[in-house]
Amino acid sequence: MDLKFTAEEAAFRDEVRAFLRREITPAVWEAHRDLAEQGMWTAEFTKAFRRKLGAAGYIGMGWPKEYGGGGRSRVYQAIFWDEMEYHRAPGLDRAITYIPNALMALGSEAQKAEFLPRIIRGELSWFVGYSEPEAGSDLANVKVRAVEDGDHFVVTGQKAFSSDAHMADYGWVLTRSDSASSKHRGLSMFIIDMKSPGITITKYPTLAGWTHHAVHFDQVRVPRSMLVGEVHQGWKTVMGAIDFERAALSSPGLVSYQFDRLLAWCTKEREGGRLIDDPLVQDELVRLAIEAEGAKVMSYWLACLHAKGLRPQHETSLALLVKRETARRLDVSGLELLGPFAPLRHGSPWAPLEGEVEVEYRDHLYFQFAAGGFDITRNVVATRGLGLPR
């Protein structure tokens, strides 16, 4: 493994940075900011920006050319994700990260032909239907039913914690298709058109202030052609898809941004002296810098494995765990170093850094349970990576 970027990769990073700094100006951020959305951008701007990414050729640059991709190394894709996250750009979600990778690996040729060209143009939004009210991190408890009916399956039940379902064109939905089988058998994965009759979406507020969604399926007819993988073999399909998901979510841009912002705050000249001149602050920043660098190394290590054509599994859980735990430590240290006004929320004239750190502290609480959460990912590393007994 060589983590030194080539001259071409470094030039590509510069190109992406220039694009994002041109497109995501403070005026654009101010005009399209929406704290009621999980991504903190309006849904309309998120969709428009994704199409702009497609037109610029940034979606699918790491895909094989046979699927319309750029045929570049996955390292380029990782650089793009890194910079997108660092600049807090909209649209870097499942629609352009792990759904297309899962489709290429697990979908039928007809599904690839139908969806990949539209994804690469930035036309489609997706939601992932794994979690349910009684099946959060334990997906083997999925109860949404899919009953065979000729050339269709009839889907009924409720999905929960359905991020961005309100703007999704399609759902990537895990169902129970054989209730007589054991928990890990009898599951099937489907692509579901969100315009199908029988789908309703409800919403509820989160502690972070944005609105989350639940999706209700009432006798929704799904063509058999939208089955991903084999019927009743959905556990195998979802485990493969989750590895792509955790690899995408481990992108280090967030923690790099958090650290750089905190460092700038500590080096700012102020009455009473700079914070960074305090040895205790220096010690804390050094510790955080090491952890942020560790998250970056883990993420690009995964990109190198993918670039070699490998399918890392427990490594993706490890990288995601390192990234998200580092982000949480930066959240806590950020509030401490910002001082007594740190808890003031966005909109208060006295809120440091416009309340960004306070918002992120509440927002990132979901890191502890989403996409497996800290305990689940530790278990994956222990059992799959270290071979420890369950």
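The following legends describe close-up views of a predicted model.

Residues are numbered from 1 along each chain as its sequence is written, and side-chain values rest on heavy atoms, with hydrogens and water left out. Local features require pLDDT of at least 70 and side-chain atom pairs count only at pLDDT 80 or more, whereas totals for chains, interfaces and linings use all residues.

**View 1. Packing of helix H4 against helix H9.** The axes of H4 (residues 74–86) and H9 (residues 279–307) come within 8 Å and cross at roughly 150 degrees. Axes are lines fitted to C-alpha atoms, for helices over the stretch in contact, and angles run from 0 to 180 degrees between N-to-C directions. Helices are DSSP runs of H or I with at least four residues, and strands are runs of E with at least two, numbered from the N terminus. H4 passes H9 in a right-handed crossing (the near helix is turned clockwise from the far one by less than a right angle; anticlockwise is left-handed). From H4, Arg 74, Val 75, Ala 78, Ile 79 and Asp 82 meet Tyr 300, Ala 303, His 306 and Ala 307 of H9, contact meaning heavy atoms within 4.5 Å. By class, six of these residues are nonpolar, one is polar and two are charged (Ala, Val, Leu, Ile, Met, Phe, Trp, Tyr, Cys and Pro are nonpolar; Asp, Glu, Lys and Arg are charged; the others, Gly among them, are polar).

**View 2. Crossing of helices H10 and H11.** The axes of H10 (residues 314–338) and H11 (residues 356–363) come within 9 Å and cross at roughly 145 degrees, in a left-handed sense. H10 contributes Arg 328, Asp 331, Val 332, Gly 334, Leu 335 and Leu 338 to the contact, and H11 contributes Val 357, Glu 358, Glu 360 and Tyr 361. These residues divide into five nonpolar, one polar and four charged.

**View 3. Two loop residues with positive phi.** Most residues other than glycine have a negative phi. Arg 88, in the loop between H4 and helix H5 (98–106), has a phi near 55 degrees. Phe 161, in the loop between strand S3 (152–159) and strand S4 (170–176), has a phi of about 50 degrees. Arg 88 is partly exposed at 27% relative accessibility, and Phe 161 is partly exposed at 44% (buried means under 20% relative accessible area, exposed over 50%, partly exposed in between; 1.4 Å probe, protein chains only).
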